[in-house]
Amino acid sequence: MAKRILLKDASLLNEEAQCIRHQDVLISDGKIKRIIDHGALKIEAEEIINCSGYYVSPGLPNLHVHAAMNIFKGIAEDVTSDTWFNEMIWPYESKMTNEDIYIGTLLGIAEMVNNGVTVFADHYFGEEQVLKAVKETGVRADLAPTLFGASEEFVDRLAKVSEFIKNHQYDSDRIAFHMGPHADYTCPEPTLFQMVEEAGKLQLPIHIHMAEESGQISRSKAQTGLTPFGVLDRAGAFDLKVLIAHGLWVEEEDLRYLKEDTWFAFCPKTYMKLASGEGGFFDLHGYLNYGFGTDGAASSNTLNPMEQARLLGLLGKFLGSDAASFSGESLWRHLMAGHKAFSFGSGLIREGAPADLVIWDLFEPDTFPFYHPISSILYSSNSTNVKYTMVGGEFLKYNGVLKMDIQNLMKEGARLQSQLLKRGKGKAEIYF
Ligand SMILES: [Zn+2]
């Protein structure tokens with residue numbers, strides 16, 4: 001049984017961006033058991049963390065990532081998205097080994113936990129390796145094994161993925177699944193239909209890349225008469241819960257397709273790096289349910305959703321010539337709202353909620369002094385401010401130190417890195 005942990009005299013930063021000072025928080029059985037005014041009651045616990053001066057918030061959700069791609073961090077810099085996909089990433093991925101996926105995912109998890117991420121939505125192939133890495137680390141994750149509808153092996157692959165999900169759906173309360181069509185532009189309509197149908201049968205939500213660049217919209221309209229959102233609607237996807245990676249080029253006419261449980265994972269660092277254009281998002285964001293993703297490290301170089309919130313704020317102010325827009329508090333609320341894209345009930349500092357928390361220490365050179373803890377975290381913090389990361393009442397980062405054997409992991413990563421460079425690129429089966 002997980003031990004009882006008392007976070008003593010903490011300042012709580014909740015999902016609504018409110019700060020409640022001097023609270024004692026009891027963690028038991030993986031959940032937040034009690035929250036009371038500091039010292040109001042004597043509480044017994046096996047471990048007491050003195051949180052005086054610290055801020056405790058829900059853990060950070062990362063709504064879209066390819067954790068295994070940490071093995072490719074920095075491999076394809078300063079290239080167009082066309083070159084990035086067709087000449088770099090997909091050719092390298094075609095020669096990827098199981099070990100690359102497993103170690104890459106562990107490296108991705110280490111980076112995320114170090115930055116306070118407690119839950120992430122992954123989209124990748126090699127799902128056995130991803131699942132193994134997730135289980136070993138104790139992080140919470142929602143996996144979408146990637147499916148390419150245009151692939152020759154699609155039918156077999158869909159059967160294999162369905163079987164895999166059925167076999168592991170109830171492994172742990174820290175693991176869930178999405179059906180993961182790669183994108184509307186890599187999945188011809190009949191295959192998209194099949195995946196949506198299968199998702200319906202398995203009662204799974206959908207996680208799909210969409211509307212990253214303007215060219216995808218015009219091609220979709222020319223080929224199908226509809227925007228990518230329209231195509232997804234025609235496939236029946238919006239009857240299910242949907243997580244859209246990107247959606248930067250959403251159009252006003254697309255709003256009619258979106259439902260209460262349609263979520264956008266917005267990843268501005270990738271859009272800036274790959275020069276994806278301004279898109280309709282900045283005009284329409286007020287109508288969308290969105291949180292933040294990081295995308296893979298090969299395009300965004302970091303897996304910190306807080307940084308993505310920061311960049312959206314800066315970009316939004318800059319593009320709209322309005323410094324008062326995208327306030328720190330609103331960005332924080334969107335960041336935390338991302339938890340609702342999952343099914344874990346996380347993201348709340350409330351009795352009964354999963355104990356997925358970050359303890360922030362702002363008494364560090366980068367953040368001191370601070371006047372408003374949320375703006376300090378949003379605009380000044382880095383991973384050194386994440387003192388503790390807790391998932392389900394267990395510490396994955398403790399007093400500034402990751403629980404994983406990071407030195408050994410980096411040694412393994414370096415070995416695989418030199419092997420993958422020696423192996424070189426293969427032939428990509430899919431084209432962007
Ligand atoms: Zn992606």
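Trainee: What should I know before reading anything off it?
Mentor: This is a predicted model, so local features need pLDDT of at least 70, side-chain atom pairs count only at pLDDT 80 or more, and totals for chains, interfaces and linings use all residues. Residues are numbered from 1 along each chain as its sequence is written.

Trainee: OK. How is the protein chain divided?
Mentor: Into domain 1 (5-58 + 348-402) and domain 2 (60-341). Those bounds come from an automatic or database domain assignment. The C-alpha centres of the two domains lie 29 Å apart.

Trainee: How many residues does each side give to the contact?
Mentor: Domain 1 gives 21 residues and domain 2 gives 23. Two residues are in contact if their C-beta atoms, placed from the backbone, lie within 7 Å.

Trainee: Which elements on the domain 1 side give two or more residues?
Mentor: Helix H13 (373-380), strand E16 (386-391) and strand E17 (394-398). H13 gives the most, with five residues. Helices (H or I, at least four residues) and strands (E, at least two) are DSSP runs, numbered from the N terminus.

Trainee: Now the inside. How many residues are in the largest nonpolar core?
Mentor: It has 126 residues. Val56, Val130, Leu243, Ile244 and Ala265 have the most contacts inside it. Such a core is a set of buried Ala, Val, Leu, Ile, Met, Phe, Trp, Tyr and Cys residues joined through C-beta atoms within 7 Å. Buried means 20 or more other C-beta atoms within 10 Å of the residue's own; exposed means 12 or fewer, partly exposed is in between, and C-beta atoms are placed from the backbone.

Trainee: Which helix gives this core its largest share?
Mentor: Helix H2 (residues 98-114), with nine residues. The core draws at least three residues from each of domain 1 and domain 2.

Trainee: And what does Val130 touch?
Mentor: Ala67, Ala68, Ile101, Thr105, Asp122, Tyr124 and Leu143, not counting residues up to four places away in sequence.

Trainee: Switching to strands. In what order do E11 to E14 sit in their sheet?
Mentor: The order is E11-E12-E13-E14, an open sheet with parallel pairing. Strands pair if DSSP finds at least two bridges between them. The edges are E11 (206-210) and E14 (290-292), each pairing on one side only.

Trainee: How many bridges join E13 to E14?
Mentor: Three bridges join strand E13 (residues 262-266) to E14. Ala265 has Gly291 in E14 as its bridge partner. Ala265 also came up among the core residues with the most contacts.

Trainee: What about Phe326, buried or exposed?
Mentor: Buried, because Phe326 has 21 C-beta neighbours inside 10 Å. Its phi is positive too, about 45°. Phe326 is in the loop between helix H11 (305-319) and helix H12 (328-337).

Trainee: Which peptide bond is cis?
Mentor: The one from Phe368 to Pro369, with omega near -5°. Pro369 lies in the loop between strand E15 (357-360) and H13.
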